[in-house]
Amino acid sequence: MMPRTRYPSMAIWAAREVQRHAGRSMLLFACLASLVFLIATALLFSQALDATWAHLLDQAPDLVVRRIDGGGWVPIPADDAVAYATGVPGVLDPTPRLWGVVPGPGGPVTVVASIAVFPESVLNGMKPPTIGQAVVGQGVARALSDKRLTLGIGNSLCVTVIDVFPADTGLATHDLVWMTPDDARHLLGLAPDQASDLAVHLFRREEEQAIQADLAAAFPWPVRISVRTDSVLRHRTRATRLGGIAVVAGIPALLALLLIITGTLLDNNGQRAHWGLLKSLGWTTADIVRLQINRSIIVGFPAVMLGLASAYAAVFYPPAAGVTAFWITGGEHLAALTLVRSGAAIVMIEIAALVGLPFLGTVFLTCVRSAAHSPWTMLQADPWN
Amino acid sequence: MELNTGLACRRLSFRWPARHANEPLVLESVEAVFSPGTVSLVTGDTGSGKSTLLHLLAGLIRPTAGEVCADGLPVSRWPPRHRDPWRQQVGIVFQHLALIPDLTVAENLLLPMIPRRIAWSRMQEEILRQLADADLSALAETPTSALSSGQRQRLAIARALVARPRFILADEPTAFQDDHHAAQIRAQLCQSAREGAVVVICSHDPRLRSSDEIDRRYHLASATLHKNFAHRKAP
């Protein structure tokens, strides 16, 4: 049985070895931390974006019906549309929505008048605006110098901002302006009985593809129907397309770099001679491997933790999160993006294993290969010969 | 199996591999027994194979023919996974000392203790004892690179003795010492022998050759180890 005293002394000596080779240890630390940061940032971002969209779109309508003609989108008659949709079996609670994109002080903003446009969780008990009032997203609020907001060009409207959507709903509300239906109609140029589109919930969500044809046939005018799962897929694709592929392609290269650095640091003449001396002093190959594993853990564990912590901060904490989003998506996502953290722990454990295990494997194999030689052969590599 | 019979060379031969095809044997059919409790001195010309003999006895290299036995066991034939742990019973002083220059004196002494299942408190005790025996107590925290040749050599001997090995193999252990310290080293090695260790010294040093404390003397010449009982008394 191995006595208990052996491991602390080995671990203490491993720490001394780290201190003794401070430059190499720092290089390894920096390499590992950077690698973990790069991989973790990309994967955490992708995972978090998925989780966030899934969370937001979970409460979104299953289908959205838009009226179209030869010129594109046209307003939909609200009451008629509800009546037509209600007649389709499986359709629940068809709701006309009032929304549109208009010029704002800092660029285009999305005007909404119906809470059906965005998930109820976003509202979270906020007081609805009255005539002449608006609730705005973080991106719109940032462009304001006071509480007055002027929107539109032709049918321009000036409203008072009474509240701002919380930062953690930024993904859905960044450029949003919520106002009364009357103000929205005025701004969007819609008649009193017209809506922008019709949100439809289904009795069975899995029927969303099958019910499209029935729904389209129920309207007397041409319509385009958007499916919720298509939206999810589109957002996920957009989120991961630019950054994800490049990062996934880069992971093997980065890992290879780590393995080369690890191998180079461990397998050199000075190191071999040192191990030869240790063996001539009574160390076994297993002792040397244990020492190197201890040493690698002393350097590697904090490096992996630092890399993960940095990645976590870069993905989930603004303003770093905005920079990360810009970097990964090429600027497609909002600067004040705030992502859902659920599931991040599992991803982080996976990343730690993805980097940590190959690293320890390299240390183990390189060390076994070098330390298994006869001590005399290893001693010959030293300058004292 | 014989118990505690020390180190024995049985028809031990050695030739350096991968050199010239007709390379002569460095050692040829060497027969010797180095018993516990004795100090053996091996003399010989430079290049006669004294260091090679010590390396063979320490299990650092394998013989070309014959075997090295420790307590009757053919350790030179053992695979590395058995021979490596056995080497914990060996304390070796290299001719080139092989100290780690950036480590302190105390840390160099710690190196052989780490894999030997020794508690920290006992490690400290042994290190302090060896530092005192080697006149290095005041230099415990000094980097080895800052020591003189004599101090470095005494440190190498202290490192070989610190874990109280059963087989002590010393290559030119007094080469850089004044008479006082040479006598001190001789006394240290003899003390280890009195405690039951096998001590084998390879040296040119006339102070060792003429010492009464040497129990057995060998002379290595023409790849053969000759037992030599005659010696001069120390003046």
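Reader: How many aromatic pairs are there over all chains?
Author: Nine. Keep in mind that this is a predicted model.

Reader: Take A:Tyr84 and A:Phe219. What kind of pair do they form?
Author: Edge-to-face. The ring centres sit 6.1 Å apart, with 80° between the planes. Planes over 60 degrees apart count as edge-to-face.

Reader: Where do these two lie in chain A?
Author: A:Tyr84 is in helix 3 (residues 78-86) of chain A. A:Phe219 is in the loop between helix 8 (211-218) and strand 13 (223-227). The two are 135 residues apart in sequence, so the pair ties those parts together.

Reader: Is A:Tyr84 buried, exposed or partly exposed? And which is A:Phe219?
Author: A:Tyr84 is partly exposed, at 33% relative accessibility. A:Phe219 has a relative accessible area of 6%, so that residue is buried.

Reader: Which residues are in the cluster with A:Tyr84?
Author: A:Phe219 and A:Trp221. Ring pairs link the three.

Reader: Switching to chain B. What about the rings of B:Phe34 and B:Tyr218?
Author: Their centres are 5.3 Å apart and their planes meet at 65°, so this pair is edge-to-face.

Reader: Which strands hold them?
Author: B:Phe34 is in strand 2 (residues 27-34) and B:Tyr218 in strand 8 (residues 216-221), both of chain B. They are 184 residues apart, and the pair links these distant parts of the chain.

Reader: Buried or exposed, B:Phe34 and B:Tyr218?
Author: B:Phe34 is buried, with a relative accessible area of 0%. B:Tyr218 is buried too, at 4%.

Terms used. Residues numbered from 1 in each chain as written. Chains lettered and ligands numbered in written order. Predicted model: local features only at pLDDT ≥ 70, side-chain atom pairs only at ≥ 80, totals over all residues. Heavy atoms only, no water. Phe/Tyr/Trp six-rings, centres within 6.5 Å; stacked < 30°, edge-to-face > 60°. Helix = DSSP H or I, 4+ residues; strand = E, 2+ residues; numbered from the N terminus. Buried < 20%, exposed > 50% of the residue type's maximum accessible area, 1.4 Å probe, protein only.
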